[in-house]
Amino acid sequence: MRAGVARTGSYPRSKIRKNDTVMVIAGKERGKTGKVLRVIGEKHRVVIERLNMVKRHQKPRGAQSPGGVVEKEASIDLSNVMLMCERCNAPVRVGGRRLEDGTGARVCRRGGEGIDR
């Protein structure tokens with residue numbers, strides 16, 4: 001690091017986006033796959049559908065939402081998930097490629113195919 005440059009503590013932009021299919025590669029949910037519901041960029045975490053379930057006690061908020069113990073998905077660190085490639089059907093590292101029209105696209109590092117639809 002250069003002298004005089006303050007470190008912000010921010011993370012680089014994530015290559016995993018909402019609605020991607022990912023595989024968990026570390027932790028208690030290792031080996032399971034699921035769809036990304038939310039990406040929390042500031043905290044470097046993702047929420048995956050039906051994975052890392054936790055119980056939370058909820059206070060009653062009127063007739064529509066009664067109280068009780070609610071099960072919901074907790075976030076997982078981004079470093080513990082890998083994007084699943086539909087063509088390879090395996091977890092892959094993600095690269096980037098500039099297309100002819102100037103837009104960027106995500107690329108599977110294993111097969112070289114484009115990941116974006």
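Guide: One term before we start: buried means under 20% relative accessible area, exposed means over 50%, and partly exposed is in between. Also, this is a predicted model.
Visitor: Okay. Is cysteine 88 buried, exposed or partly exposed?
Guide: Cysteine 88 has a relative accessible area of 28%, so it counts as partly exposed.
Visitor: And what about cysteine 85, buried or exposed?
Guide: Cysteine 85 is buried, because its relative accessibility is 4%.
Visitor: Which cysteine sulfur is closest to that of cysteine 88?
Guide: The one in cysteine 108, at 3.6 Å. A disulfide needs the two sulfur atoms within 2.5 Å, so the sulfurs of cysteine 88 and cysteine 108 are too far apart for a bond.
Visitor: Switching topic: pockets. How much space lies in the largest pocket?
Guide: About 240 Å³. Its lining is made up of 14 residues, and Ser14, Lys15, Ile16, His44 and Leu78 are the ones nearest the centre of the pocket.
Visitor: Which strand gives the most to that lining?
Guide: Strand β7, residues 81-85, which supplies three residues to the largest pocket.
Visitor: And what classes of residue has the lining of the largest pocket?
Guide: Eight are nonpolar, three are polar and three are charged.
Visitor: What's the volume of the second largest pocket?
Guide: That one has about 200 Å³. Two elements give two or more residues to the lining of the second largest pocket: β9 (94-98) and β10 (104-108). The largest share comes from β9, with four residues.
Visitor: Which residues line the second largest pocket?
Guide: Among them are Arg13, Arg17, Arg97, Arg98 and Arg106, along with Gly95, Gly96 and Gly104. By class, the lining of the second largest pocket has six charged residues, four polar and one nonpolar.
Visitor: One last spot. Where does valine 36 lie?
Guide: In strand β2, which covers residues 33-40. Valine 36 counts as buried because its relative accessibility is 1%.
Visitor: What is valine 36 in contact with, leaving aside its neighbours within four places in sequence?
Guide: The contacts of valine 36 include Ile16, Val22, Val46, Val47 and Ile48, and also Asn19 and Asp20.
Visitor: And how many residues separate valine 36 from leucine 83 along the chain?
Guide: They are 47 residues apart along the chain, and the C-alpha atoms of valine 36 and leucine 83 are separated by 9.9 Å.

Notes
Residues numbered from 1 in each chain as written. Predicted model: local features only at pLDDT ≥ 70, side-chain atom pairs only at ≥ 80, totals over all residues. Heavy atoms only, no water. Buried < 20%, exposed > 50% of the residue type's maximum accessible area, 1.4 Å probe, protein only. 1 Å grid on protein atoms, 1.4 Å probe; cavity = no way out; pocket = protein on both sides within 12 Å on 5 of 7 lines; lining within 4 Å. Points joined across faces, edges and corners; volume = space filled by probe spheres on them. Nonpolar A, V, L, I, M, F, W, Y, C, P; charged D, E, K, R; others polar. Contact = heavy atoms within 4.5 Å.
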